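Here's a quick briefing for anyone meeting this structure for the first time. Have a look at the sequence and the 3D view, then read on.

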Amino acid sequence: MPDLTLDAQPYPYRFDPAHSALLVIDMQRDFIESGGFGESLGNDVSRLAAIVPTVRRVLDAARAAGLCVIHTREAHRPDLSDCPPAKRVRGDAALRIGDSGPMGRILVAGEAGNQIVPACAPLVDETVIDKPGKGAFYNTPLMALLAARRISHLLVVGVTTEVCVQSTLREANDRGFECLLIEDATESYFPAFKQATLDMIRAQGAIVGWTAHAEPVIAALAADVQPKPDHA
Ligand code: TIU
């Protein structure tokens, strides 16, 4: 299959859909809805909810093009054995990891708040990786899964831009992946942090990776969809 090319910064991004995955980072209720971890840290979560339709459009385009789709959730085991005490006690959150909140126990696997928002819900054949850290490679099977599928390129969306998304991009870049961050399909509680993250990722000749808007990504993926045979 030929490579696709799309308009990106700092220069066009080329990828082969057969060796690419869409990585959807932490589109879970904990960060996007009221009553979760994000709000307990003092953040206005409405900023994040605004990108849900764009993430969904990218998901739909990736699915139609047959791309490998992988979702992550920031999630800890109910006994918190995978949550370092330093992570649990950090800051002055109203509700700490493991505490009971309006959407169940904060950042705990299986709880209502830990579920991916319905509009971005995984399909049955899509992998969901629970990760105990901010980066998606730390203490998860992600690297083995990508290697097994011979994935070399990652299209990345999700939240939050400068925390779990940026950590994951840096981990991926160090592991040799060619990463594209879709800028209107990622969001931060802090607009300045989002902008700084976009700038630093694509600086110095794509030192960490590329950035692009969703529209050219969706258009490139749509162009790759083969017409269905006519059985009429
Ligand atoms: N607090 C914040 O901005 N983010 C996180 O704690 N986790 C993720 O980014 N998923």
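Strands here are DSSP runs of E with at least two residues, helices are runs of H or I with at least four residues, and both are numbered from the N terminus. Keep in mind that this is a predicted model, where local features need pLDDT of at least 70 and side-chain atom pairs count only at pLDDT 80 or more, while totals for chains, interfaces and linings use all residues. Residues are numbered from 1 along each chain as its sequence is written, and side-chain values use heavy atoms, with hydrogens and water left out.

**Strand 3 and its neighbours**

- Strand 3 covers residues 20-25 and runs parallel to strand 8 (residues 153-159), with six bridges joining them.
- Ser20, for instance, sits opposite His153 in strand 8.
- Five bridges link strand 3 to strand 4, and that pair also runs parallel.
- How many residues of strand 3 are buried? Six of its six are, so the strand is mostly covered, where buried means under 20% relative accessible area, exposed over 50% and partly exposed in between (1.4 Å probe, protein chains only).
- Ser20, Leu22 and Val24 point one way from strand 3, while Ala21, Leu23 and Ile25 point the other way.

- Six strands make up an open sheet with parallel pairing, in the order 7-4-3-8-9-10; two strands pair if DSSP finds at least two bridges between them.
- Strand 7 (127-131) and strand 10 (210-212) are the edge strands, each pairing on one side only.
- On average, neighbouring strands of this sheet are turned by 25° against each other, direction ignored.
- Helix 7 (residues 161-174) packs on the sheet and touches strand 3, strand 4 (68-74), strand 7, strand 8 and strand 9 (178-187); contact means heavy atoms within 4.5 Å.
- The direction of helix 7 makes about 170° with that of strand 9; axes are lines fitted to C-alpha atoms, for helices over the stretch in contact, and angles run from 0 to 180 degrees between N-to-C directions.
- Helix 8 (residues 191-206) packs on the sheet too, touching strand 9 and strand 10, and its direction makes about 155° with that of strand 9.

**Cysteines**

- The structure holds zero disulfides, a disulfide being a pair of cysteine sulfur atoms within 2.5 Å.
- For Cys83, the nearest cysteine sulfur is that of Cys164, 13 Å away.
- Cys83 counts as buried, at 8% relative accessibility.
- For Cys179, the nearest cysteine sulfur belongs to Cys68, 14 Å away.
- Cys179 is buried as well, with a relative accessible area of 1%.

**The whole chain**

- The protein chain has nine helices and ten strands.
- Of its 232 residues, 53% count as buried.
- Along its principal axes, the C-alpha trace spans about 55 × 50 × 30 Å.
- Of the contacts in the protein chain with a separation of 6 or more, 72% come from residues 24 or more positions apart.
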